Amino acid sequence: MPNINYWLMKSEPAAYSIHNLQQQKQTIWDGVRNYQARNFLKQMQVGDLAFFYHSNTQPPGIVGLMKIVETGIADPTQFDPDSEYYDPKSTPESPRWQTVKVEFVEEFSQPILLSTLKEKFNGDELLVVKKGNRLSVIPVIESVAKSILVTNN
DNA sequence: GCCAACGTTGGC
DNA sequence: GCCAACGTTGGC
């Protein structure tokens, strides 16, 4: 059994929600323009699991689970002049922004709200509960991931 | 709308 | 390479 890593990936549901993913089944997670978040995307491996986090919504929280199905994808929006994520300094020969393809696994019957996460975990356990953490992609340690999964079964 | 916590930019 | 100014994120 290869090691499975767990991640948390944020999206504003107004831009892209868990239901959009449920309908599409798979999507390329594009638009990440933060180097630290990108480095986490680079570390992901096929088979890893990621929590889908709805941000900038009422209430914010983890709403479901997805699986990494492809890695090392050059984010196509960086080459698209019409995209808000267009990066004129990036070239197809050496793409600056790479990402992954994710697949819908499940929507949680009950979202795990940020307020609940704050009660159960501290900032070291789950970076998203640390005040001021705005990274769109962060790692989740195994014990925390297991605990979240158990909560929803 | 507020504001804390960043990240980025650019002058030096 | 420093750091002030500025912009953005995102919970509240």
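The side chain of Tyr 53 has an N or O atom 3.0 Å from a phosphate oxygen of DNA strand C. This contact belongs to a predicted model, in which residues of the protein surround DNA strand C and DNA strand B.

**Around DNA strand C**

- The residues around DNA strand C are Lys 10, Tyr 53, Ser 55, Asn 56, Pro 60, Leu 114, Lys 118 and Arg 134.
- By class, these residues are 3 nonpolar, 2 polar and 3 charged.
- Sugar or phosphate accounts for 80% of the atoms of DNA strand C within 4 Å of the protein, and bases make up the rest.
- Asn 56 uses its backbone instead, with a polar backbone atom 2.9 Å from a phosphate oxygen of DNA strand C.
- Asn 56 also takes a positive phi near 55°, and it sits in the hairpin of strand 3 and strand 4, which has 6 residues between the strands.

**Around DNA strand B**

- DNA strand B has Asn 34, Tyr 35, Gln 36, Lys 131, Gly 132 and Arg 134 around it.
- This surface divides into 1 nonpolar, 3 polar and 2 charged residues.
- Of the atoms of DNA strand B within 4 Å of the protein, 74% are sugar or phosphate atoms, and the rest are base atoms.
- Gln 36 has a polar side-chain atom 3.4 Å from a phosphate oxygen of DNA strand B.
- Arg 134 contacts a base: a polar atom of its side chain lies 2.7 Å from a base oxygen of DNA strand B.
- Arg 134 is listed around DNA strand B, and Arg 134 is also listed around DNA strand C.

- Strand 3 (residues 49-54) and strand 4 (residues 61-74) run antiparallel and are joined by 6 bridges.
- Within this pairing, Leu 49 has Lys 67 of strand 4 as its bridge partner.
- Phe 52 is bridged to Gly 64 in strand 4.
- Strand 4 also pairs with strand 5 (residues 98-113), in the antiparallel sense and over 10 bridges.
- Val 102 in strand 5 is the residue opposite Ile 68.

- Asp 75 lies in the loop between strand 4 and strand 5, and Arg 33 lies in the loop between strand 2 and helix 2 (35-43).
- This pair links distant parts of the chain, with the two residues 42 residues apart.

Technical notes:
Residues are numbered from 1 along each chain as its sequence is written. Chains are lettered from A and ligands numbered from 1 in the order in which they are written. This is a predicted model: local features need pLDDT of at least 70, side-chain atom pairs count only at pLDDT 80 or more; totals for chains, interfaces and linings use all residues. Side-chain values use heavy atoms; hydrogens and water are left out. Two strands pair if DSSP finds at least two bridges between them. Helices (H or I, at least four residues) and strands (E, at least two) are DSSP runs, numbered from the N terminus. A residue is near a molecule or strand if one of its heavy atoms lies within 4 Å of it. A polar contact is a pair of N or O atoms within 3.5 Å; within protein, one must be able to donate a hydrogen and the other to accept it, and residues adjacent in sequence count only if both atoms are side-chain atoms. Ala, Val, Leu, Ile, Met, Phe, Trp, Tyr, Cys and Pro count as nonpolar, Asp, Glu, Lys and Arg as charged, and the others, Gly among them, as polar.
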